[in-house]
Amino acid sequence: MKIKDILIQILLILWQLPQCLVGLVMLPFLGKLRLVRYENYCWIFEGEKMSGGISLGCFIFLSKYSAKKETTILHELGHVKQSHILGWLYLILGLCSLLNAIFNFTDCYYDYWCESWANKLGGVEKIGKGYGCSIKIKEDN
């Protein structure tokens, strides 16, 4: 890692401090972790007790199933970019995303505003309608 990258990482951690701290607090509850990769100043982990995926500042935590899906990783990296943009305010967006995951505000999870924005930033797009919708990598990427 170059000095420039280390400085950027430190600044991003400070800019995203609340969500990075929440990610650190979650660590003991995720079981055994495996580093999937490091991308966009973010550590992507597969957690043995994780279901789905969650982005918290400089961390992404994925289930074993989700860690194998490039579209899910790209979607979560879209959330990371949202965190880079919003800084401390990302927790408000993250709460909206979490509530959508719990209560299904729309027929398709990816139709909800914060999820469609993450898709756009992550380079994926929604396919299908209603409960059968999913995401795919955009053709122009």
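Reader: What makes Asp-111 and Lys-126 a salt bridge?

Author: This is a predicted model, and in it the closest N and O atoms of Asp-111 and Lys-126 are 2.9 Å apart. The cut-off is a Lys or Arg side-chain nitrogen within 4 Å of an Asp or Glu carboxyl oxygen, so the pair counts.

Reader: Why say that this pair ties together parts of the chain?

Author: Asp-111 sits in the loop between H5 and H6, while Lys-126 belongs to strand E5 (residues 124-127), so the bridge joins parts 15 residues apart in sequence.

Reader: Why is Asp-111 called partly exposed?

Author: Its relative accessibility is 39%. Buried means under 20% and exposed means over 50%, so Asp-111 falls in between. Lys-126 gets that label too, because 32% also lies between those limits.

Reader: What else does Asp-111 touch, leaving aside its neighbours within four places in sequence?

Author: Besides Lys-126, Asp-111 is in contact with Thr-106 and Ser-116.

Reader: How do you know that Glu-46 and Arg-34 are paired?

Author: Here the closest N and O atoms are 2.9 Å apart, and the limit is 4 Å, so this is a salt bridge. Glu-46 is in strand E2 (residues 42-47) and Arg-34 in strand E1 (residues 33-39), twelve residues apart.

Reader: Is Glu-46 buried or exposed, and why?

Author: Buried: Glu-46 has 11% relative accessibility, and the limit is under 20%.

Reader: What makes Arg-37 and Glu-70 count as a salt bridge?

Author: Their closest N and O atoms are 3.0 Å apart, which is within 4 Å, so they qualify. That pair links strand E1 to helix H4 across 33 residues. Arg-37 and Glu-70 are also part of a salt-bridge network with Glu-39. The structure holds six salt bridges.

Reader: Why does the contact of H4 with H5 have no charged residues?

Author: Look at who meets whom: His-79, Gln-82, Ser-83 and Leu-86 in H4 face Tyr-90, Leu-93 and Ser-97 in H5. Charged means Asp, Glu, Lys or Arg, and none of those is there, so the contact comes out as three nonpolar, four polar and no charged residues.

Notes: Residues are numbered from 1 along each chain as its sequence is written. This is a predicted model: local features need pLDDT of at least 70, side-chain atom pairs count only at pLDDT 80 or more; totals for chains, interfaces and linings use all residues. Side-chain values use heavy atoms; hydrogens and water are left out. Contact means heavy atoms within 4.5 Å. Helices (H or I, at least four residues) and strands (E, at least two) are DSSP runs, numbered from the N terminus. Buried means under 20% relative accessible area, exposed over 50%, partly exposed in between (1.4 Å probe, protein chains only).
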